[in-house]
Amino acid sequence: MAKRLTDAERANLGTTVPGWAPALDRDALRRAFKFENFSEAWGFMTRVALEAEKLDHHPDWSNVWNTVRIELTTHDVGGLSDNDVRLAQAINKLLG
């Protein structure tokens, strides 16, 4: 079961998941990724999808040509959870 983030955990998100920012309109994390072209963006999305399946936690995302936008939140707890942090860390790891 996902655990909603505490205030202390939220305060450390900049260190825990660098590059991700809190969404201004909901309790979520957001990040945009730019690639050289559509094929690279699509390949990245495929790798993220495999990680998401392993964690059984799936992003809200979109892709327009070379840009992938990802938003993470946990509907079961009504906001940010440890599942979102784990997936954001896995996504960051894919980028090296």
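Trainee: Which residue in strand 2 is the bridge partner of Ala21?
Mentor: Arg30 is the partner of Ala21. Quick background: this is a predicted model, where local features need pLDDT of at least 70, side-chain atom pairs count only at pLDDT 80 or more, and totals for chains, interfaces and linings use all residues. Residues are numbered from 1 along each chain as its sequence is written, and side-chain values use heavy atoms, leaving out hydrogens and water.
Trainee: How many bridges join strand 1 to strand 2?
Mentor: There are 2, and the strands run antiparallel. Strands are DSSP runs of E, at least two residues, and helices are runs of H or I, at least four, numbered from the N terminus; two strands pair if DSSP finds at least two bridges between them.
Trainee: And what about strand 2 with strand 4?
Mentor: Those are antiparallel too, joined by 6 bridges. Phe33, for one, has Val68 as its bridge partner in strand 4.
Trainee: New topic: which aromatic residues do ring pairs link into a cluster?
Mentor: Trp20, Phe33, Phe35 and Phe44. Rings of Phe, Tyr and Trp (its six-membered ring) pair if their centres lie within 6.5 Å; planes under 30 degrees apart are stacked, over 60 edge-to-face, the rest tilted.
Trainee: How is the pair of Phe35 and Phe44 arranged?
Mentor: It's tilted, at 4.9 Å centre to centre with 40° between the planes.
Trainee: Is Phe44 buried or exposed?
Mentor: Buried, with a relative accessible area of 0%. Buried means under 20%, exposed over 50%, partly exposed in between (1.4 Å probe, protein chains only).
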